Amino acid sequence: MKQFLYLILIFPLCLFAQVEPRQQDSTKVQYIYVEGDSIVKEAIDLKEVLVLNKLKFANKDERIDYLILRRKTLKVYPYAKLAAERLTTLNERLSTLRTKRAKKRYAKKIQKYIENEFSTELKKLTKTEGQILVKLIHRQTGKTTFQLIKELRSGWRAFWFNSTASLFDISLKREFNPMDVKEDFLIEDILERAFQNRLLKRQEPAIDFDYYNLSDKWLNNKSTTQTKN
């Protein structure tokens, strides 16, 4: 389990010019220059904020399970975020290297760096935390851990580590599927609340889903099926 977790982290506006706002009646006014003419910009740019539903639990045990899931999700998300960042960096760097030998040497260098920096922490993960991490890696990269290992290593190595992980009830092929798996929705809900409370730094997912549709299905018991015209 420790070895496959190491691998996870390896795969890791020209047309307009704005001027400073001018004080006017205690309200800042911005101007935009368009070919020499100034236009007052009265609109205020705001970031989109998700309105989160209030969670409801059927009983005390359900609430406890949610809190346990929350603790584990907050713990492993930074590793999934790092995996996505490492994958982007690795692919960008590999695209600049011409020979297979140079690419192989660089990949080994990154592997050694990751193992030295994070091996101690990864050894502390439980099997349930490891499975959550596998799901979140799919959320952040758009690929399963099995696919990442297969692409950056070999199909045999991917098969081997998936078989080994199965001994710990962990599947490296597991995807993040909040639309069909309630636990995955709860993980997404935990992340959204953590982002808004600034407990975690947001990194946009690499897979598509709509949080409001998920909430309607799991919290409001509404159908998410859309009628095609």
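**Helices H4 and H7 are roughly perpendicular to each other.** Under the convention used here, angles from 65 to 115 degrees count as roughly perpendicular, those under 35 as roughly parallel, those over 145 as roughly antiparallel, and the rest as oblique. The axes of H4 (residues 127-141) and H7 come within 12 Å and cross at roughly 70°, where an axis is a line fitted to C-alpha atoms, for helices over the stretch in contact, and angles run from 0 to 180 degrees between N-to-C directions. Ile132, Lys135, Leu136 and Arg139 of H4 make the contact with Glu183, Asp184, Ile187, Glu188, Leu191 and Phe195 of H7, contact meaning heavy atoms within 4.5 Å. By class, the residues of this contact comprise 5 nonpolar, no polar and 5 charged; Ala, Val, Leu, Ile, Met, Phe, Trp, Tyr, Cys and Pro count as nonpolar, Asp, Glu, Lys and Arg as charged, and the others, Gly among them, as polar. The structure is a predicted model in which local features need pLDDT of at least 70 and side-chain atom pairs count only at pLDDT 80 or more, while totals for chains, interfaces and linings use all residues. Residues are numbered from 1 along each chain as its sequence is written, and side-chain values use heavy atoms, with hydrogens and water left out.

**The protein chain as a whole has 8 helices and 4 strands.** Helices (H or I, at least four residues) and strands (E, at least two) are DSSP runs, numbered from the N terminus. Read from the N terminus on, the order of elements is α-β-β-β-β-α-α-α-α-α-α-α. Of the 229 residues, 36% count as buried, that is, under 20% relative accessible area, whereas exposed means over 50% and partly exposed lies in between (1.4 Å probe, protein chains only). The chain exposes about 15,500 Å², of which carbon and sulfur atoms supply 49%; such accessible areas come from the Shrake-Rupley method with a 1.4 Å probe, and for residues only the protein chains shown count as cover.

**Helix H2 (residues 60-94) packs with H7 at an angle of about 65°, the axes lying 10 Å apart.** H2 and H7 are therefore roughly perpendicular to each other. Their crossing is right-handed, the term for a near helix turned clockwise from the far one by less than a right angle, a left-handed crossing being the anticlockwise case. On the H2 side the contact involves Tyr66, Leu69, Arg70, Thr73, Leu74 and Tyr77, which meet Glu183, Leu186, Ile187, Asp189, Ile190, Leu191, Arg193, Ala194 and Phe195 in H7. Sorted by class, the residues of the contact of H2 with H7 are 10 nonpolar, 1 polar and 4 charged.

**Glu183 lies in helix H7, which spans residues 182-196.** With a relative accessibility of 37%, Glu183 counts as partly exposed. When residues up to four places away in sequence are not counted, Glu183 touches Leu69 and Lys135. The C-alpha atoms of Glu183 and Tyr66 are separated by 9.0 Å, although the two residues are 117 residues apart along the chain.

**Ile132 and Leu133 are found in helix H4.** Ile132 counts as buried, with 5% relative accessibility, and Leu133 is likewise buried, at 0%. Leaving out residues up to four places away in sequence, Ile132 touches Leu69, Lys72, Thr73, Val76 and Ile187. The C-alpha atoms of Ile132 and Lys75, 57 residues apart along the chain, are 9.9 Å from each other, while those of Leu133 and Lys72, 61 residues apart along the chain, are separated by 9.2 Å.

**Thr126 is found in the loop between helix H3 (100-122) and H4.** Thr126 is partly exposed, its relative accessible area being 36%.

**Helix H5 (residues 145-152) packs with helix H6 (residues 155-166) at an angle of about 145°, with the axes 7 Å apart.** The crossing of H5 with H6 is right-handed. Phe146, Ile149 and Lys150 in H5 meet Gly155, Arg157, Ala158, Phe159, Phe161 and Asn162 in H6. The residues of the contact of H5 with H6 divide into 5 nonpolar, 2 polar and 2 charged.

**Arg198 lies in the loop between H7 and helix H8 (211-218).** The phi angle of Arg198 is near 60°, a positive value in a residue other than glycine. Arg198 counts as exposed, at 77% relative accessibility.
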